[in-house]
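Subject: Structure handover

Hello,

Here is the structure for your files. Please keep it open while reading the notes below.

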Amino acid sequence: AKSQTVRLTVLPHLLSPSSRTPPPPIGSVITSATVARVDDKIGATLLTEEGQALFVHVSEASDKGESLAQVFGPASRVPTVRVVDHYHYSNVSKASALTAVVTAPVLSYSDLSVGQKTVGTVKALSKSGVVVSIGPNVQALCPLVHLHDAPRKAVNEREFKVGDKFPCRVLHASSSKCHVTRKPALMKVKSPVSSPSVPPNTVAKGTVTAVSAKGVAVTFFGRVYGFCTAAALALERGVDDPEENYTVGQLVDVRVVESGKSPLSLSFDTESKELPKPKEGKLTGKVKPGDVVTEVKVVKSTDEGLLVVISPQGAEGETEEAHIPWPHTPDGASGKKARKKKYKAGSCHGPAICMSLDKKYPHAPALSLLSGLVSSPPPFKLTSVAMGQVVTGFVTAIHPSHGAFVSLGNHLTGLVPTAKGGADLEAPAVEPFKVTALDKSTKPPRILLKPSKKAAGGKVAPLKPGQDVGRVEIVSLKAERANVKLLDTPFQGRARIHWSLYKPAEGAKRPSMTWKDSDDCDIVPSHPFSSLKEGNVISGLRAFTVDDDGKGKFYVDLTNVPDLSPDVGVGDATSAVVDKVTTRGLMMLMKPGKKAWLSALEINKSADVLNNLRGKFEKGDRVDVRVTSASGDGEEDGKTTLTTFVDREVGEGRNPPKIGEMIVARVNRELKPYNPEPSLTVELKDGYTGRLGVEEVGGNRPFKIEGRFKQGLYLSLYVVSSLPQINLSVHPEPASKPSVGDIVTAWVGETNKKGCYVVGRGFKGKCLIKNLTDTFVADPKAQFPPGRRVTGKVTSVTSKGLVDLNCRESAVVPSEDLVTFADLEVGDILPAEVTRIEEYGVFCKFRNSQLSGLSHVSELSDDYVEDIGRLYGVGDLVKVKVLSKAMDEGKEKVSLGLKASYFVDEDEDEEGGDEEEEMDEVTDSEDEDEEEEEEE
C-alpha cells in the first residue's frame with residue numbers, strides 16, 4: 001500500500017478558530033504595542049494591548065538604518081506601526097514601522113474609490129503617460145490625455161520628474177489597476193458622473209475618447225461613457241464633420257439625454273433646461289400623441305413656449321399639464337411683447353393636437369396650435385408609414401449639408417436630403433411629403449422624404465399600394481422585368497412586374513429548356529417568367545409600390561404574391577426568390593434591388609438536404625422566410641438575413657442551441673480546436689461555433705480531421721452542452737457516467753512521460769504508463785498518439801468525475817479469454833491494432849492479447865506500397881491473417897498478412913462496423929469545387 005503522511009497541529013487558534021482573538025484590520029495604525037521577542041537580522045514580534053501578535057521584518061523596522069536592537073528594546077514600547085497583511089496560519093499580522101507606510105493614504109487597490117482625490121509620487125514617464133505611486137504597493141497611470149485640460153502630444157520631461165509630488169483624482173480602479181486624472185477642470189468637479197444611472201438632463205464634464213464620422217464618444221469617471229451622434233451635432237451645433245471640430249483628450253461639457261446603461265445618450269446643447277411645472281393641473285395620462293383637444297388654457301409664458309392646462313376628452317372635471325413650444329404657435333415668429341400680449345395667463349386658445357409626450361417635461365403632452373397639423377395630422381406611428389405614401393410633416397430644422405429634419409409626430413423623424421431640395425425648405429413649416437425610402441429595422445427608423453407634388457397642384461397617383469388592378473397584358477418580357485399594360489384600370493404611367501414579385505400559377509406549364517430574352521439573358525425553366533410570353537393576359541395582380549419621377553409621371557410595380565409587403569422588419573414573415581445557389585446558402589431577392597442572405601444553417605436541419613443544395617434549389621424558386629436582421633434599401637447587399645424556421649427567435653441578441661436539440665453544423669477546418677485533445681470546431685447558426693470531440697464521433701480509426709470530414713461538409717449533430725462551450729455529438733442519446741469496474745472505450749487526448757490523458761463519452765481521465773499495456777512501451781508518444789482508441793477498466797472516479805483507467809489486457813480481458821501463442825493457428829483471421837510503423841512493415845497487436853506480429857511491407861497490400869504511412873496509422877483497428885508462427889531463440893514470432901485479397905470471403909468485423917460505415921457514408925460525399933468555394 002502507498003504510504004501517506006498526515007500532518008497534525010495543536011495550535012489553539014486552529015483547533016478552535018471561533019475562540020481566537022480577531023487580528024487587527026489591515027491598514028490600522030498601532031501606537032501601543034510591546035516588544036515580545038527580537039530575532040537579530042530577522043525581525044521583531046510585538047503584542048498589542050488586546051494580545052494580538054504583530055511581526056515587523058528587519059527591512060520594515062527603520063527609515064534611518066538603525067538595528068533591530070536600537071528600535072525594539074526587550075519589553076519596551078515601540079514606535080508607531082501599521083498593519084499591512086495577515087498570516088492566518090500562524091495567527092500573526094505583518095506590520096511596518098516605515099514612515100512612508102504609516103502615513104500612506106492608500107495601502108491597496110481596494111482602498112481606492114472612483115472620484116477620490118489623493119497625492120502620489122511620480123515613479124516613471126512613458127509614451128502613454130505618467131506612472132504614479134499612490135501607496136507602498138499601489139501604482140496608477142495618468143494617461144497622456146489626462147495630464148492637462150488641453151491634450152498634448154507627449155509628456156513634458158521638464159514638467160514631470162521622478163520623485164515629484166503628483167496630485168490626482170481616481171478615474172477608475174480594479175483589484176490590480178488604477179487610472180487617474182490630473183486635468184484641473186476634472187479635479188474641481190464636485191459630483192462627477194460615475195454611474196450609468198445619472199439623472200437625465202444632468203450637465204457634466206467629460207473627456208473625448210473617440211471621434212468618427214458617426215459622432216463623438218465622451219468618457220466620465222468609473223468607465224462610464226456616452227455618445228453624441230453626428231446628426232445631433234449637426235442639428236444642435238451645425239457641425240458638418242465631427243473629426244474637424246473635436247479631438248481625443250478634449251474636455252467638453254455635455255448634457256445627458258438618456259441614461260440607465262452605457263453608452264449614455266448625450267447632447268452638446270447644455271442650455272436646455274427642464275421646464276418648471278405649472279401650479280394647476282396634473283398628469284392624467286389620458287392624452288396621447290394624435291389626440292385633438294378643443295381648448296387650452298395658458299398658465300405661464302416662458303422663453304421656450306407656453307405652459308398650459310387642458311381638459312382631456314372623457315375626463316370631466318380633470319385638467320392635465322401640457323407644453324406648447326413657440327414654433328408650434330401661429331405667432332411663434334413674433335416678438336416677445338406681441339406673444340406676451342396675445343398669450344396672457346388665463347387666456348384660452350385652440351384647437352390643438354398632441355404631437356408627443358415631452359421627455360424634458362416629465363412626459364407631459366407637447367401640443368401644437370398649427371391648423372395644418374390639426375386638420376391633416378402626421379402619421380405618429382411607424383406602422384402608419386409606407387413607401388410612396390404622402391404624409392404631413394413639420395419642418396423643425398434646416399442643415400445646409402444634410403437637408404431638412406421633419407417631425408412626423410411622437411418623436412418620429414424623417415429627413416429631406418439636400419439633393420431632394422431639403423436645404424431649400426423653410427423652418428418651421430407644415431408641408432406634405434412623400435416617403436421615398438423606409439427602413440423600419442434600424443433605431444431610430446430611417447425615413448427619407450421629398451416634397452410632395454400634391455402640394456404644388458401636381459397629379460395625384462391614381463393607384464395606391466395594395467390596390468387590385470385586374471387584367472394586364474405583357475408588352476415586353478425580359479429576365480429581370482416585364483412591362484405590362486393595365487386593361488381594367490385607368491393608369492397613365494408605366495406598369496411593370498419584377499421577376500422577384502411574380503409567382504407562376506399553379507399547374508403552369510414550364511419549358512424544359514433554357515431560353516434567352518432580347519438582351520441575351522438566360523431564362524431557366526425554374527425562372528418565374530419561364531411560362532410567360534409577350535401578349536399573354538394575366539390577372540390577380542395588385543399594386544406593390546407606386547412612385548413618380550418628380551415630374552408627374554408615375555411608375556407602379558405589380559405583384560401576385562399573397563401577403564407580400566414592401567416594408568418588412570425583423571421578425572416579419574414574408575417570401576423571397578432564389579437569386580443564386582451556393583454551398584454556404586442562398587442569395588435571395590425580396591423585392592427589386594433588395595437582396596438578402598439565407599444561410600444554409602437557416603434552411604433545414606437535415607444534413608442530406610444541405611449537402612445537396614444545388615439539387616434542392618434553383619434560381620427562381622420561392623421560399624417562405626422570416627427576417628432575422630435587416631438593412632436599409634440601397635445599402636450593402638447581404639446585411640439582411642433570413643431564416644426558414646417559423647419558431648426561430650429573432651431580434652436583438654443571439655440564440656444559443658439548447659441541450660438535447662438536433663442541429664446542423666458546417667465543417668470549417670480553418671477554425672482552431674477548442675481543446676488540446678483531438679476535436680473538430682464547426683460553424684453553427686447565429687455565429688456560434690461548436691466542438692465535436694473524438695469521443696463523440698467514435699470509429700475504428702484514429703481521429704484525423706483531414707480524412708474524416710471534408711471542408712464545407714454539413715453534419716446533423718446533437719447538443720451535449722451549451723455555453724460557454726457548445727459540445728456536440730453524433731449520438732442522439734446522452735452519455736452515462738462510468739462507475740468503478742466498468743469497461744469503457746476512450747480516445748487518447750495527449751501523451752507524456754507519465755501516461756495518457758484520455759476522453760470518452762461522458763468522462764475525462766488518465767491512464768498511467770504502467771497501465772497502458774502488459775508489454776513494454778518504448779515510445780509512448782509514438783505508440784499512443786492523439787486520437788488513438790483504447791479500452792480500459794475504471795479503477796477510480798474522483799469527486800469531479802475524473803476517472804483512472806487500467807488499459808492492460810490482463811485487466812480488461814479475463815485470463816481465460818486472452819489469446820496466447822499456443823491458440824494461434826496458421827490461416828486464422830483475427831482483429832488487431834497497429835502499434836508501430838517501420839520502413840519494412842507494420843507491427844500489429846492482437847485484440848484481447850499480449851501478442852504482437854509483423855506484417856512485412858510485401859504483405860500490406862495487393863498493390864505496390866510507396867508510403868506505408870498513407871495506408872496505416874498507429875491505432876488503426878485492422879483484420880490480420882496469420883501467415884506463420886515460430887519460436888526463434890525462445891522468442892515468439894508471428895508473421896501477418898494485411899492484403900485485401902486475404903479477406904474476400906470474410907464478413908466485416910462487427911465491432912465498430914456499423915459506426916464506421918455510417919461515418920464513411922458521411923465522409924464519402926463529393927468534394928466541392930475549390931475555386932467556386934473561394935468565390936462564394
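The notes go from the whole chain to single side chains.

This is a predicted model, in which local features need pLDDT of at least 70 and side-chain atom pairs count only at pLDDT 80 or more, while totals for chains, interfaces and linings use all residues. Residues are numbered from 1 along each chain as its sequence is written, and side-chain values use heavy atoms, with hydrogens and water left out.

Whole chain. The chain has 936 residues, and 42% of them are buried (buried means under 20% relative accessible area, exposed over 50%, partly exposed in between, with a 1.4 Å probe and protein chains only). It contains 16 helices and 55 strands; these are DSSP runs numbered from the N terminus, helices being H or I with at least four residues and strands E with at least two. The accessible area of the chain is about 49,200 Å², of which carbon and sulfur atoms supply 50% (Shrake-Rupley method, 1.4 Å probe; for residues, only the protein chains shown count as cover). Of the contacts between residues at least 6 apart in sequence, 59% join residues at least 24 apart, a contact being heavy atoms within 4.5 Å.

Aromatic pairs. A search of the whole structure gives six. Rings of Phe, Tyr and Trp (its six-membered ring) pair if their centres lie within 6.5 Å; planes under 30 degrees apart count as stacked, over 60 as edge-to-face and the rest as tilted. One of the pairs is Tyr502 with Phe529, tilted, at 5.9 Å centre to centre and 55 degrees between the planes. Tyr502 is in the loop between β31 (493-498) and β32 (515-516), and Phe529 is in the loop between β33 (522-523) and β34 (537-548), so this pair ties together parts 27 residues apart in sequence. Tyr902 and Phe903 make an edge-to-face pair, because their planes are at 90 degrees, with the centres 6.4 Å apart. Here Tyr902 is partly exposed at 22%, whereas Phe903 is buried at 13%.

Charges over rings. The test is NZ of Lys or CZ of Arg within 6 Å of the ring centre and within 35 degrees of the ring normal. Arg788 lies over the face of Phe784, 4.3 Å from the ring centre. Lys885 has its charged end over the ring of Phe821, at 4.4 Å from the centre.

Regards
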